[in-house]
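This report goes through one protein model in short sections. Please look at the sequence and the structure first, then read on.

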Amino acid sequence: MKFIHTSDWHLGYAQYNLEARFNDFFRAAVYTVDKIIELNPDFVIHTGDIFHHSKPTPGAIRHAVFILQKLKKAGIPFYLIRGNHDAKTSRELAYGGTSLKLLSELKLIEYIDDKTILLDELNVAIAGIGHYFGTLAERKVKEVLSNSKIPSNYFKILALHNFIQGQLDKVSETVSIGLIDSLNLDYVAGGHYHIPWVRDNVNIWVPGSSEATSANDWRRDDVLFNSVSVYSSFYEIEAVNKSGKWEKTVRTHKIPIRPKIFLKVESYAETASEVKKELIDEIQEKMVKLHDYFQTEHEDFLVKYKKYKDILHKPVVRIHLSTDMRREEMDLFQPSDIQTDLDLLKLEIIINQEEDEFYIPTETISTLHIDQIIKELSIEMGGEEIYPLVQKVIQEFDNRPVSRDLNDEEIDRFIGFVETGVSNETHEINGKSMDKAELNKNLEETSKDRSNPKKRETSTQNESSTITIKSSLEDWLK
Ligand SMILES: [Mn+2]
């Protein structure tokens, strides 16, 4: 007995609003199915999110029909469960059924809608549970399995579209390993999580999505040269019953898809044109390596899918850039030029700019007493002499309830304090007595110092802030 497990095709997703990406999701699923037909399994299990949208466009439906017809012609049954993208809410379920029901009525798939089906010729049982939020996911698993009558000699498969314990922390809709382990299953087919993920000691296999719906999906084990993600995966499972005991082997198949290049670049160049050149060199280096790699490793694939070469040369690129460029240079820096020069499909640059401003390192801030922080800030702001003033401000607010935010009146008072000085009393600064007017003058000079670049250069530490250039309209969440 042999079957294929694939998941999360997300057909119809025009990522970055690009038609090329819409086609990428289609192409990845076509490659997958072509390979499946070559392997000629007894059946296929798809663990949900065949569509990206619960109301797929006619184009996305045509993609699905085209792909599923290939399998139908080859006589390979296709079992599918409901992903969160396929049909999100009960409201949509209520209005005349989902796209999955449509595919099922067209006899292109068999929709396993929270039930167990028995493939008696193969001695296989498939329990399929769609996506559920919260604890409902686990309850549905228990419910469906306890209502099923599965002969003990059958190969028992559970198909799920939910997170599994160990994938993401603190997600309420997580199915626990303990529950899965207690069910005595031969193969747990997982969807929803887009990165390949295996716990073979408890028979859990997650092939990941067939294309990347977000940059998070690039974090696979099989990235090339530490920076290029270019595969998706599916599993081929062969199982034999040897004197009452099932023995199985699981093979991973990789599908070449649109390359995604992720780079961390620390640049010490100070001009926009130098930084640009560095980035172009880095990207080109990876592209050349990738091209060479494909020529040797995937010669057959390149012959079979000639158009893939165009895709290979047009990656999606994301760069985390640390730079010393000053603001003025930053304004001259145009990532879109790089995208155009290299003819990339999409370039995103996230810039960590070094800035000449005072700061308290965030990693130590929690261990510093507030008074110490204020003292350091005072010194950075222009001199120890304003420290007594700031101290006074703190004292004033020291008795405030810590468990709530300041109310409007308190905020006004606080702002008033800083703007007008503490009171009409005189203050001792460096042994000198100052009245309110002098204090204000002192504060004014201090703030002048802050905006004076020469003075700023003497500051010992730099602030690191994150600025996203060309931030994408893309919703990075699955
Ligand atoms: Mn998905």
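## Terms and overall make-up

Helices (H or I, at least four residues) and strands (E, at least two) are DSSP runs, numbered from the N terminus. By that rule, the protein has 17 helices and 19 strands. The model is a predicted one, in which local features need pLDDT of at least 70 and side-chain atom pairs count only at pLDDT 80 or more, while totals for chains, interfaces and linings use all residues. Residues are numbered from 1 along each chain as its sequence is written, and side-chain values use heavy atoms, with hydrogens and water left out.

A residue is called buried under 20% relative accessible area, exposed over 50% and partly exposed in between (1.4 Å probe, protein chains only). Of the 478 residues in the protein, 48% count as buried. The protein exposes about 24,500 Å², and carbon and sulfur atoms supply 48% of that area. Such areas come from the Shrake-Rupley method with a 1.4 Å probe; for residues, only the protein chains shown count as cover. A contact means heavy atoms within 4.5 Å. Among contacts between residues at least 6 apart in sequence, 72% join residues at least 24 apart.

## The manganese site

Which residues are the protein donors of the manganese ion? They are Asp 8 (OD), His 10 (NE2), Asp 49 (OD) and His 194 (NE2), at 2.1 to 2.3 Å from the ion. Donors are N, O and S atoms within 2.8 Å of the metal (3.2 Å for Na, K and Ca); water is not among the atoms, so sites may look incomplete. Along the sequence, the donor residues follow the spacing D-x1-H-x38-D-x144-H. Asp 8, in the loop between β1 (2-6) and α1 (19-39), and Asp 49, in the loop between β2 (43-46) and α2 (58-73), link distant parts of the chain, 41 residues apart. Both Asp 8 and Asp 49 are buried.

His 194 counts as buried because its relative accessibility is 2%. Its C-alpha atom is 8.5 Å from that of Ser 7, although His 194 and Ser 7 are 187 residues apart in sequence. The side chain of His 194 also makes a polar contact with the side chain of Thr 213 (3.1 Å). A polar contact is a pair of N or O atoms within 3.5 Å; within protein, one must be able to donate a hydrogen and the other to accept it, and residues adjacent in sequence count only if both atoms are side-chain atoms.

His 192 has its place in the loop between β10 (187-190) and β11 (197-199). With a relative accessibility of 5%, His 192 counts as buried. The side chain of His 192 makes a polar contact with the side chain of His 161 (3.1 Å). The C-alpha atoms of His 192 and Asn 84 are separated by 7.9 Å, while the two residues are 108 apart along the chain.

## Salt bridges

How many salt bridges does a search of the whole structure find? The search finds 22, a salt bridge being a side-chain nitrogen of Lys or Arg within 4 Å of a carboxyl oxygen of Asp or Glu. Lys 2 and Glu 236 meet in one of these (3.3 Å, N to O). This pair links distant parts of the chain, with Lys 2 in strand β1 and Glu 236 in strand β13 (residues 228-242), 234 residues apart. Are these two residues, Lys 2 and Glu 236, buried or exposed? Both Lys 2 and Glu 236 are buried.

Arg 251 and Glu 238 form another salt bridge (3.4 Å, N to O). Here Arg 251 is in strand β14 (residues 245-267) and Glu 238 in strand β13, 13 residues apart. Arg 251 counts as partly exposed at 41% relative accessibility, and Glu 238 counts as partly exposed at 33%. Elsewhere, Arg 21, Asp 24, Arg 27, Glu 211, Arg 258 and Lys 260 are linked in a network of salt bridges.

## Helix α11 and the residue after it

In α11, Pro 335, Ile 338, Gln 339 and Leu 342 are buried. Seen down the axis of α11, these buried residues fall within an arc of 100°, so they line one face of the helix. The arc is that of the directions from the helix axis to the C-beta atoms. An α-helix has 3.6 residues a turn, so residues three or four places apart point the same way.

After α11 comes Asp 343, whose phi is positive, near 55°. Asp 343 forms a salt bridge with Lys 314, the closest N and O atoms being 2.6 Å apart. Asp 343 lies in the loop between α11 (335-342) and β16 (346-355) and Lys 314 in the loop between α9 (308-312) and β15 (316-323), so the pair ties together parts that are 29 residues apart in sequence. Asp 343 is partly exposed, with a relative accessible area of 45%, and Lys 314 is partly exposed at 25%.
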